[in-house]
There are 2 protein chains.
Amino acid sequence: MLKPDTRKTAAGGVSPVERLHALVADAMAATDRMIHARMGSGVALIPELSKHLIDSGGKRLRPMLTLAAAQLGGYTGDKQINLAAAVEFIHTATLLHDDVVDASTLRRGKVAANLVWGNKATVLVGDFLFSRAFEMMVDTGSLRVLDILSHASAVIAEGEVMQLKSESNLGTTEEHYLKVVGAKTAALFAAAAESGATLCNKGPEFVEAMRAYGESLGIAFQLVDDALDYSGRQALMGKAVGDDFREAKVTLPVILAYARADKPAQQFWKRVIEGGPQSEPDLERAISYVESTGAIQETMTRARHYADVAVAALQSLAPSEIKAALADIADFCVERAF
Amino acid sequence: MLKPDTRKTAAGGVSPVERLHALVADAMAATDRMIHARMGSGVALIPELSKHLIDSGGKRLRPMLTLAAAQLGGYTGDKQINLAAAVEFIHTATLLHDDVVDASTLRRGKVAANLVWGNKATVLVGDFLFSRAFEMMVDTGSLRVLDILSHASAVIAEGEVMQLKSESNLGTTEEHYLKVVGAKTAALFAAAAESGATLCNKGPEFVEAMRAYGESLGIAFQLVDDALDYSGRQALMGKAVGDDFREAKVTLPVILAYARADKPAQQFWKRVIEGGPQSEPDLERAISYVESTGAIQETMTRARHYADVAVAALQSLAPSEIKAALADIADFCVERAF
């Protein structure tokens, strides 16, 4: 963690995510303690399997949004800790269930949980964390928060089911894709920020600003993620390049590259996405198509747009270090890809 | 559904579950309407897959407990409808996730959802129903109810994970088995009855009586279910006999039969439960061991005990048709096996 005296002076070398982390450091430490306490269970496999994902170096961006929103709104209680831990549990449960269903082999640079413990345990531990998240929310005594996050959870599941329809389907439209992203990713970013903001009694405008920020940040984040899956940089971050490709997910880079494809490229996409088996050179060829058609660049341009919308959502807020860090995170989210 | 004039006179030919159903018929009809309304989604696959399980002829025993508890306690509002629908959704989500993880092939006489729609959709629709359950609970505005059912959900997941440890493991103790049953099955029965009772403001004794009834009924119910899996009657109910056997689950009939096994029988159990592949004659041999050692009878005796405890839990309640039906359900649950 950053020391207080470095985080102001060394801003150039410190990512805005780290800056925000430092600004909410006490609350984040309390959240981490709660995460580790509440993933405990008399059933040893539960903390063991949870730890695998929870301690694997994720940035805790979503709970940080909850904490930042609460702090920005001047909240002085401690319910945001429960809430932030619940948000991280919902996110982790989603990842665990995604590991099972997508048969992906790498997650945050580690072997996916389902390959170590099997599908059964992975689904069930996800269910446990999800239930625990609701228990923690109940402890806040806030029905509003439960409303926001139970709704978001249903939307996330809808988004994941919608995504199934676009698998192996080159007829997937950009509109469908954006709906999926809005549901499976942006809904939790939005709910994380909104629920933290509702604790504050700062009025509906503040809550709406935080929700809107979270939502657009989430879309930008996912667009960049999907672009990175066709980029060599992804490998440096410990995630396998070509995950989406191997699972025949039709993400925006593919939608755009396919729309701009000549005959041979069209046939290539049909074979590798809608057709049969892929070989390793196929991924290289896909990356080259995605790059040469400008599909990556175009995906990043859309991401840039949503990052700008996220920053604009913060406009009405008084200047503060947290506001600045949130705005910079939106920019950084896009810039990390270059 | 039974007509009002038959349900009193024809009690001999009508199961107590049907009697209870008739006693809460209006609320049950409203619950069914809510179930069908709230499993709806703009994502067509969600109601399609949910319907497969929800409309497959389950008895809705768990939501009926919620409605019965509320009615017994003189509750006059309509929150029990949300609650009962939420309980059924949690149950359905559990079944869907169980279908995925256990690779069972028959569920209520139909092909398991995962074989029709795949693991992915089955896990995710389960997640959707689970989230929806919490949304419906939030609509009741009762934090107490959310507390009860979020805790029960976590306990259910713990129970399912605990059960994994006893798979293929003949060292499973009766104590471990009963812990699993208490968590994976009885917790939802208990929470279903308790949450309906908490709506009533009838005091903690009434709530505790309903909770205790639900818990013991749930244990009896699971014990009978596990006995039936080694019985020809199971086939008549549209469920595959030998499901637990094929999945190498170590249930009470197996624990007891193994404890009483002679050398050849011990070797048989080691081979089919801890060892390698099974053949169809193995199931017949297992059934014959389970029957000849008295393990089925002994399992049913334990079930009888828990049914008695369930009935005893109702003792303090004033006589009523609902109370009588609940008591008879506990007896019927055990007697259906003979």
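The questions and answers below concern a predicted model with chains A and B.

Me: Which element gives the most residues to the side of chain B that touches chain A?
Reply: In this predicted model, 35 residues of chain B are in contact with 35 residues of chain A. On the chain B side, the elements that give two or more residues are α4 (45-54), α6 (79-102), α7 (113-140) and α8 (143-166). By class, this side of chain B has 8 polar and 7 charged residues alongside 20 nonpolar ones. With 14 residues, the element that gives the most is α7(B).

Me: How are the two copies related?
Reply: Chain B is superposed on chain A, with an RMSD of 0.0 Å, by a rotation of 180 degrees that has 0.0 Å of shift along its axis. The two copies are therefore related as by a two-fold rotation axis.

Me: Which residues have the most contacts inside the largest nonpolar core?
Reply: The largest nonpolar core has 232 residues. Leaving aside residues up to four places away in sequence, B:A220 touches B:A303, B:Y306, B:A307, B:A310, B:A330, B:C333 and B:V334. The residues with the most contacts inside this core are A:A220 and B:A220.

Definitions and conventions: Residues are numbered from 1 along each chain as its sequence is written. Chains are lettered from A and ligands numbered from 1 in the order in which they are written. This is a predicted model: local features need pLDDT of at least 70, side-chain atom pairs count only at pLDDT 80 or more; totals for chains, interfaces and linings use all residues. A nonpolar core is a set of buried Ala, Val, Leu, Ile, Met, Phe, Trp, Tyr and Cys residues joined through C-beta atoms within 7 Å. A residue is buried if 20 or more other C-beta atoms lie within 10 Å of its own, exposed if 12 or fewer, and partly exposed in between; C-beta atoms are placed from the backbone. Two residues are in contact if their C-beta atoms, placed from the backbone, lie within 7 Å. Helices (H or I, at least four residues) and strands (E, at least two) are DSSP runs, numbered from the N terminus. Ala, Val, Leu, Ile, Met, Phe, Trp, Tyr, Cys and Pro count as nonpolar, Asp, Glu, Lys and Arg as charged, and the others, Gly among them, as polar. Copies are superposed by least squares on the C-alpha atoms of residues with pLDDT of at least 70 in both.
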